[in-house]
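Please look at the sequence and the structure before reading on.

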Amino acid sequence: MLKQRVITAVILAPLAGAGFVLLQGGWFALFIGAVVALGGWEWARLCGETRQSGRVVYALTLGLLMVGLYRDQWPVVYYVIPALLWWLLASVMILRYPSGSGIWKGSFVRQLFGLLILLPAWAGLVWLRAQEFGLWLIFSLLILVWAADIGAYFAGKTFGRTKLMPNVSPGKTREGLLGGLLFSELLALVAMLYLGWGAGAIALGLLGAALVVLVSVVGDLTESLFKREEGIKDSSNLLPGHGGVLDRIDSLTAAIPMFVACWLLLGSYLA
């Protein structure tokens, strides 16, 4: 398993890095859209769709929606607000689970949930890439989420005692969550001090970073919830040693719209 994980990472990391660095505009939207469409193909499985044809149709539908939205060039806030409302609802679902799960057990409802998860994440990344210093914004987002994952892993292994959401993801602990949050906040603080931000901007930046990290945990738990409902461990086996695409981007799907919302507010403050 470890060998598979390493080989997959060695192959995919340069491809992903090249896509982020070299592509812009429509090509970048297409690059991210392909990843999101694969995530949609996996999400259909989490909706209970067992037919390959049904999963392909869902992925193609998602792709057509992305083409239409890119052509129409809607303001990013039109994606951010529904996404944030969805992640608020997802938080309630996670906290109540398994109570209330009968309301959203239907395949159609879960397919709608998938659109609220995947489309804003795609739109948010495309919008970030188009901004001045957009590539650095995306890397900042990735580092923030990865730092939270790394901090949570080591803090959970070392100090983990109290389960965070045992009904949804038994492996996560409150100590791990706190460790991930503190590590990401520390890195954010160092970066903002290096950039010479003032005290007010740093305070807002740390608040925004905390919100991004916390909602990224919601994204992770949300996928875990739907996988538990379907009785599966991984969203697919597309990435040997890593599971599926959704298993790699579940935290990011939630973090992206929150990061965009925070940058819209913080960017206007810095200006």
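## Helix 7 and helix 8

At what angle do the axes of helix 7 and helix 8 cross? The model under discussion is predicted. In this model, the axes of helix 7 and helix 8 cross at roughly 145° and come within 9 Å. The crossing in which helix 7 passes helix 8 is right-handed.

On the side of helix 7, the residues that meet helix 8 are Leu177, Leu181, Ser184, Glu185, Ala188, Leu189, Met192 and Leu193. Their partners in helix 8 are Ala201, Ile202, Gly205, Leu206, Ala209, Ala210, Val213, Leu214 and Val217. Sorted by class, the contact of helix 7 with helix 8 has 14 nonpolar, 2 polar and 1 charged residues.

## Helix 2 and helix 3

Helix 2 covers residues 25-46, and helix 3 covers residues 52-72. Their axes come within 8 Å and cross at roughly 150°. Because of this angle, helix 2 is roughly antiparallel to helix 3. Helix 2 passes helix 3 in a crossing that is right-handed.

Helix 2 contributes Gly25, Gly26, Ala29, Gly33, Val36, Ala37, Gly40, Trp41, Glu42, Trp43, Ala44 and Arg45 to this contact. From helix 3 come Gln52, Arg55, Val56, Tyr58, Ala59, Leu62, Met66 and Tyr70. The residues of the contact of helix 2 with helix 3 comprise 12 nonpolar, 5 polar and 3 charged.

## Helix 5 and helix 6

How far apart are the axes of helix 5 and helix 6? The axes are 6 Å apart, and helix 5 (residues 107-130) packs against helix 6 at an angle of about 135°. This angle is the reason why helix 5 is described as oblique to helix 6.

In this pair, Leu125, Leu128 and Arg129 of helix 5 make the contact with Gly134, Leu135, Leu137, Ile138 and Leu141 of helix 6. The classes in the contact of helix 5 with helix 6 are 6 nonpolar, 1 polar and 1 charged.

## Two loops

Two details of the backbone are found in loops. The peptide bond from tyrosine 97 to proline 98 is cis, with omega near 5°. Proline 98 lies in the loop between helix 4 (77-96) and helix 5.

Glutamine 73 belongs to the loop between helix 3 and helix 4. Its phi is near 55°, which is a positive value in a residue other than glycine.

## The second largest pocket

Rolling a probe the size of a water molecule over the atoms shows where empty space is left. The second largest pocket has a volume of about 900 Å³. Its lining consists of 31 residues, and those nearest its centre are Ser140, Met192, Trp197, Phe259 and Trp263.

Which elements give two or more residues to this lining? They are helix 6 (134-159), helix 7 (174-194), helix 8 (199-230) and helix 9 (245-270). Helix 6 gives the most to the lining of the second largest pocket, with 8 residues. By class, the lining of the second largest pocket has 26 nonpolar, 4 polar and 1 charged residues.

## The cavity

How many cavities of 30 Å³ or more does a search of the whole structure find? The search finds 1 cavity of that kind. The largest cavity has a volume of about 50 Å³.

The residues lining the largest cavity are Trp43, Trp87, Ile117, Gly219, Thr222, Glu223, Leu246, Asp250 and Thr253. At least two residues of this lining are supplied by each of helix 8 and helix 9. The lining of the largest cavity divides into 4 nonpolar, 3 polar and 2 charged residues. Trp43, one of these lining residues, is also one of the residues of helix 2 in the contact with helix 3.

Methods: Residues numbered from 1 in each chain as written. Predicted model: local features only at pLDDT ≥ 70, side-chain atom pairs only at ≥ 80, totals over all residues. Heavy atoms only, no water. Axes fitted to C-alpha atoms, helices over the stretch in contact; angles between N-to-C directions. Helix = DSSP H or I, 4+ residues; strand = E, 2+ residues; numbered from the N terminus. Parallel < 35°, antiparallel > 145°, perpendicular 65-115°, else oblique. Left-handed = near helix turned anticlockwise from the far one by under 90°. Contact = heavy atoms within 4.5 Å. Nonpolar A, V, L, I, M, F, W, Y, C, P; charged D, E, K, R; others polar. 1 Å grid on protein atoms, 1.4 Å probe; cavity = no way out; pocket = protein on both sides within 12 Å on 5 of 7 lines; lining within 4 Å. Points joined across faces, edges and corners; volume = space filled by probe spheres on them.
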